[in-house]
Amino acid sequence: MPSKQGQGTCTMQQVFEECHKTVYVHNKLLSKLKDIYESTEDKKEFHSELIKYLMYSMVVLKREPAVERTLEFVAKFAVSFADETNENSKNEDNINKDDKEDNVLMALFNFFLESHGANSTAVRFRCCQMINKLLNQMGDDAQIDDDLFDRIYDNMLVRLRDKKASVRVQAVTALARLQDPSDKECPVIKAYMYMMGSDPNPDVRYAIMSCIAPSAQTLPVILKRTRDVKDGVRKLAFVVLAEKIHIKALRIQQRVTILKDGLNDRSEAVRNACSTKLLQAWLHSFEGNVIDLLDALDVENSSDVAEQALKSIFKSVPAAELVQNFDLLNDQHVITDEQLSCESAMYWRCLCQYIKSLGAVQEEKLEKLLPTLSQYSDYAQGYMEKIKQSEENLELTLKQEFIAQQLLLLAKVLDLSDEVGRKRLDKLVHDMLVSPDIPASLVKLLLDCFNKIHSDADQRIIKIAEIIADIKEPMTEIDVPVDEKEKRLNQVKLAGVRVELNQLRDELENCITHQDFNKAAEVKQRVEELEQSKASLIEALQPSSQQTSTEKNDPATLTKCLTIASEMLLELSTNGLNPTLRTMAETLIIPGIQNEDPLVRNLAVKCLGLCCQLCKNFAKEYLLLLMQVSQVDQETIRVEALKAIFDLMLTFGFETFTADEDEKNDETNNEDGNESKDSDEMERSVAKETNEKKTANSILTILTTLLDNESSEIRTVAAEGLAKLLISGRIVSSKLISRLVILWYNPITEEDTRLRHCLGLFLPLYAFSAKSHQECISEAFLPTLRTLFNAPIFSPLAKINENNVADLLVTLTNHANLQQNKDKQNDGTEDCSVHEGLAIKLCNEILSDCEAPGVRTLCKTLTLLEISASNQTMVKDLQTMVAQMIQAIEEKNAKRLVEKFQQQLTQLEGKVDQGNTEEENDRNEDNEDENDEKELEEDEVGDEEAKNENGCDGDIQVDREEARTLTESTEDKVTDIQDTANAVSKKNITASATRKTRKTVSVAKTVIEKNDDVPAETPTKRETRGRGKSTTGKSKDTQKKSVLSTPVTRGRKAKKVDVDDNSDLESDVFVTPATSTRRITRSSQSHAKGKSSQAAMVDDDSVLGSSKRSTRKSQRQGEAKAKLAQLLSDSDSPAEDSPIVVKRVTRRNKPVTSKNNKQ
């Protein structure tokens, strides 16, 4: 360096050596480096030397602390000159060009902007990082030149498209202060918005969420990140919404959606961020008034979300403080009419429920919030009388209904121990149910209160039946007209009485005038008698009224009655229908199915399905009616009927609905007399099985055709019901599995989120629960792929990626994912894989026609299968078939895949050979140990015989070494026997547990014979692919197997039914998936039974073979544990980036924004 330095002057190299050690010396080193800068005559050489030392840190990609401290030091040093330049620029309009060139900040910017496109990832990363640090070190009022502003703008926008995510993150932070929220065409904001929704790396999305400035333009993008796939991004999105966006900037729907997603998130960190950050920020914006916050959430239409929000708020506040702050109650512990609103009623109810959930400790506080049972009944009755349904003021009616709902929910918290109050509440509930002014939305809540009051089910059924009768046939008073003849006679009599009364009154006055009091008394008595006669005659002339019951069949009355009946049936847990329920079904439910009103029919079908659930004979009687409704009625009613049918199949099974014909056969056979019992039983069993097959096939044919229905709701219910039947073991069908897989991938079902969610949960749950299920899926493997291979061009099936479907099916049939297999691996045993048989099927399919469509997919599937090395015969057969395929296949890609599969098989053979060698060595070692033990025993016997022959009576002298050897050998034998006994004991325990598990109640299951072939689609005007074949043909290797279904939890005994699978399960299904399934693999493991790769070397004179074998076994176990521990310890967690502060750098002479871009 050309500067003159004294003897004690510090050099730049020494400064850089010290700055990376600790940040506490940075201020001291900054002054030293400034002295060096001032003492340097040629500033350009100073810049060159500074950059030279800086480049040592820029080539390091890892976030080392020393490197980070060095870069931070250089940024501070460069920005210290920028502050002086900004102060000078305020006083001078023109800046000398040489001053710009001599500026250290400008020199560093120029270097970084010229080097940001380097091939090295580390250099690109550090260039973007340094630009970010330089801009962040500037103050809030910092200004830069227009040329530099544009250069940073352009170059960092290029780095936003870098292939490395770490570089993109630093580019995002570097551009944070260059965005202009007021400019709708700002390229930085546009780039942020695009990358936030399309960048695959979560760190980049996290950085953009930290840096983007909130505005009306960016708000929708920020809201979408609350549903990001990464937990950290979702959490940051809620923090940004809490800190930078006011609640009034959001619509009501947006507020409700944000709270619903945040409070129900699967990540606990996200839920905590929503409850502690966002919800508290919104509450703070309303100055802690919870009622105002509920008003902002529209509790009438989003009561569930509002209730969750209240629970979150309650958890953060002590119970005593909550009770003390609730000042809306009067002396009777109820809310006054002036303050009673939807929000206050809901807050009162939620607060009482929360305090009660805290347990008996908080009972005293609960008493301060609740009235007595009698006071509550009067309060609720007074409010219910105000409810009047009016179409003119619908909003007021809805508010009144919501408040009434909250008051009825509050009744669940009340103490019902007061007998007088309970009777008043019972009368209130009865009157409200009978009242015509009470809307149907309150019926369920009223029945909940009714069930709480009446715990006995039989009494509850009788009382509810009486309530339904009072609603349907209320008592009314009618006027009975009077007969005309009687009326005329009474009128004549009345006229005579009036005349006589007038005469007697005159006579009474004369008697009083003449003071004839005795006669006056007689006249007065006569007048009273005539007055009574007159009153009776007048009453006889009036029309009479009497009370009579009139039946009401209007839709509103029937809807209310059926709603009460359905809610009652849902709560029943009894078996069978008592006379009351049967009468209700015959007089209310069955006629309701024939009603013209669709709402009445829908509720009647629901009630009929619930009644059928309670009684098997009733279900057999009305199943046909439900089947007819599911085919011909409106969509909503068909859906309800389908749900009822699937529930009946799950509860009773298919064989239940063939008992009538079996009983007829039994009666016929009984009448025939004394015939052969054996032949009769065989005929009955054959007839019964045939009948059951026909019934199951007919029902399944009707149900499976609904998978092709145009209505998405009917299609979803049918798929869900069939999936339940499969997973419960009621039916077993590979064709149905194929239909469901294809339906899951069908582009037509892309918008049916519920259908796809249901099938996405069903397939892995079904496949991994039992090996028989995987066998069923393996039989559906080829039919499913043939359907896709031979799909017409215009069909939606042509858009499906066959490789994705094959990957999914391979994953589902992988034995490593079986729960049973995992348990067996823990016991040291392993079952054969379904993939072995599947590999044979795939090879036969390829060899049948090597030029057929989809051969490449089948070859690729072979490489994904996991073949067990223990089955040597299977491996050799596959090798033979693979050799034939290599000769027959001409396509290069397919042949390359087959060769890869051949290499895998060769590796399996090598593992088998190695395992056989190890097993043979161990066997030899065991034989040598046995020979040594036999020789030792023979020597002992020989010594004893020699001693007996010589007649030696003295002490027997035994070699000490032989005695010690014999003792050790005996101890080793005992140890081996104990180990064997422990293993046998564990195995017996496992077998016993398995037997106990299998001793569950057997369930009637329909086993459908499997067929690999799927009938082709037969729409009109169908064109096949150019390279494909006709889809009307069937596979040559059609196989029919009987697959055992798994036990079901429902405890109903029934015979397993063998059903013909010729039903139309494969009608036109246009299928396809929306998502690709990644393949699940596991590391290759040797299945050889050998224990060691080295043969045991035992001397002829040694008898310690057992001891050595035990020692070698323990050594191998120790080495395996050490390797496992070493593998587990080799894990590194990447360091997280420091939080990013949002600032803004403006062009010179432009207004400046603060560091935090808050709205």
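Q: Given that buried means under 20% relative accessible area, exposed over 50% and partly exposed in between (1.4 Å probe, protein chains only), at what relative accessibility does Cys 511 count as buried?

A: This is a predicted model, in which local features need pLDDT of at least 70 and side-chain atom pairs count only at pLDDT 80 or more, whereas totals for chains, interfaces and linings use all residues. Residues are numbered from 1 along each chain as its sequence is written, and side-chain values use heavy atoms, with hydrogens and water left out. Cys 511 is at 6% relative accessibility and therefore counts as buried, and Cys 615, at 10%, counts as buried because of that value.

Q: How many disulfides does the count come to?

A: A disulfide is a covalent bond between the sulfur atoms of two cysteines, taken here as a pair of those atoms within 2.5 Å. By this rule the count is 0; for Cys 615, the nearest cysteine sulfur belongs to Cys 612 and lies 8.5 Å away.

Q: What span should helix 21 have?

A: Helices are DSSP runs (H or I, at least four residues), numbered from the N terminus, and the expected span is 1.5 Å times one less than the number of residues. The 12 residues of helix 21 (residues 373-384) should therefore span 16 Å, which agrees with the 16 Å between its end C-alpha atoms.

Q: Which helices do the buried residues of helix 21 pack against?

A: Contact means heavy atoms within 4.5 Å. The buried residues, among them Tyr 376, Tyr 379 and Tyr 383, pack against helix 19 (342-357), helix 22 (394-410) and helix 23 (419-434).

Methods
Helices (H or I, at least four residues) and strands (E, at least two) are DSSP runs, numbered from the N terminus.
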